[in-house]
Amino acid sequence: MTNGAPAFIGQRAIWQRLRDDLTSGRVPHALMFTGPTGAGKLALAVAYAQALLCQHPQEDGEPCGECSSCKMAAKLEHPDLHFAFPIVKGSRVKTPEGAISDVYIKEWRARVLASPYFDLNDWLEDMGAANQQALFYVAEADSIQRKLALKSNQGGRKVMVIWLPEKMNQETANKLLKLFEEPPAGTHFLMVAEEPDLVLGTILSRTQRILVPPLSQEEYQQAHPPKDERLFLDLFMMLMRLSYQRKVKDLREWSEQVAGMGRETQKSFLQFCQRQVRENFVYNFRQPELNSQNADEAAFSKNFARFINERNVIPISEELAKAETDIAQNVNARMVFFDLALQMIVLLIK
């Protein structure tokens with residue numbers, strides 16, 4: 001981006017649509033950015049928040065980057081730019097009334113300014129809560145209502161960015177329904193959902209959804225420098241090799257290792273495994289343009305792909321998806337991963 005707007009990668013068509021809505025005065029009071037993980041939904045929401053708050057936008061809707069509103073928004077410190085996101089009840093939360101996003105706002109700003117391309121695992125690590133579940137608590141609804149009831153500090157719009165509204169329970173969501181339906185004049189909600197089907201229907205019906213398409217492979221690699229993926233690939237290769245060799249004792253040790261990771265990391269690993277199964281199945285068609293693997297993944301697939309075929313690709317994918325569901329429901333991780341490993345022994349020889 002130019003003109004001082006927060007940076008995002010790709011998604012020019014979506015940005016054009018957002019600017020067109022802004023210049024034509026058709027901005028809905030509640031938008032929900034949805035789409036695949038890693039597509040840049042939060043990056044777009046933050047960029048659009050700055051455009052909405054800019055005091056002197058250009059004719060094409062781009063923020064000027066020079067006004068005081070742009071400069072404050074670029075630092076995520078604009079008094080009319082608010083954020084709500086799931087948190088954990090760590091040592092900072094002393095009372096139920098204190099379970100609000102502001103407790104972690106310093107860490108949030110640092111994370112978003114470093115790069116808006118992060119996931120829940122990264123955020124849990126920032127809060128020092130890798131093994132906990134982050135949620136919106138009822139106090140958050142009260143906090144949002146108080147903030148948006150105030151008059152605009154700069155005399156313009158007010159913007160509330162809500163990250164992962166699917167982490168909002170029914171009680172919290174219900175307290176916000178009227179606000180979503182009839183917000184104060186000049187108030188805009190920008191929601192970013194990874195799993196929109198889990199958002200309460202009454203909230204979903206009050207928003208206009210914007211589907212953000214996946215980034216190209218090159219754009220994705222630019223936005224998401226490798227972090228856990230090398231570890232995930234090593235664990236995936238180990239699972240498949242040990243399963244093929246039927247080394248049950250070693251598989252038990254493997255399951256203990258994975259069980260020691262945080263639940264959100266475990267879910268991400270299982271999603272990674274599902275993607276690798278699909279990629280290895282497609283690899284067999286010998287059409288490289290259909291694969292989106294990095295060099296290390298492709299090197300493993302060269303010898304492994306033949307073990308993923310039309311007889312077992314669906315059962316293996318189903319077992320991985322089942323394990324992900326079990327982890328999300330707090331089933332004992334050691335049992336989940338050891339059972340998964342045993343199933344792989346059977347399925348790989350099909």
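Start in β4 and pick Phe 189, which is the bridge partner of Met 160. Keep in mind as you go that this is a predicted model.

Now widen the selection to 158-163 and 187-192. These are β3 and β4, running parallel and joined by six bridges.

Zoom out to the whole sheet. Five parallel-paired strands make up an open sheet, and reading across, the order is β2-β3-β4-β1-β5. Which strands stand at the edges? Colour 81-84 and 208-211: those are β2 and β5, and each has a single partner strand, so one side of each has no neighbour in the sheet. Turn the view to look along the sheet and you can follow the twist, which averages 20° from one strand to the next.

Next, select 12-24. This is helix α1, which lies across β1 (30-34) and β5, and its direction is at about 150° to that of β5.

Time for side chains. Show Tyr 48, Trp 108, Trp 163 and Leu 190: they have the most contacts inside the largest nonpolar core, a set of 52 residues. Elements giving two or more residues to this core include α1, β1, α4 (105-114) and α5 (120-126).

Beyond its neighbours within four places in sequence, its contacts include Leu 42, Phe 85, Pro 86, Trp 108, Trp 123, Phe 136 and Val 192.

Last stop: pick Leu 239, Leu 270, Val 336 and Leu 348. They are among the 36 residues of another core, which lies apart from the 52-residue one.

Key. Residues are numbered from 1 along each chain as its sequence is written. This is a predicted model: local features need pLDDT of at least 70, side-chain atom pairs count only at pLDDT 80 or more; totals for chains, interfaces and linings use all residues. Side-chain values use heavy atoms; hydrogens and water are left out. Two strands pair if DSSP finds at least two bridges between them. Helices (H or I, at least four residues) and strands (E, at least two) are DSSP runs, numbered from the N terminus. Axes are lines fitted to C-alpha atoms, for helices over the stretch in contact, and angles run from 0 to 180 degrees between N-to-C directions. Contact means heavy atoms within 4.5 Å. A nonpolar core is a set of buried Ala, Val, Leu, Ile, Met, Phe, Trp, Tyr and Cys residues joined through side-chain atoms within 4.5 Å. Buried means under 20% relative accessible area, exposed over 50%, partly exposed in between (1.4 Å probe, protein chains only).
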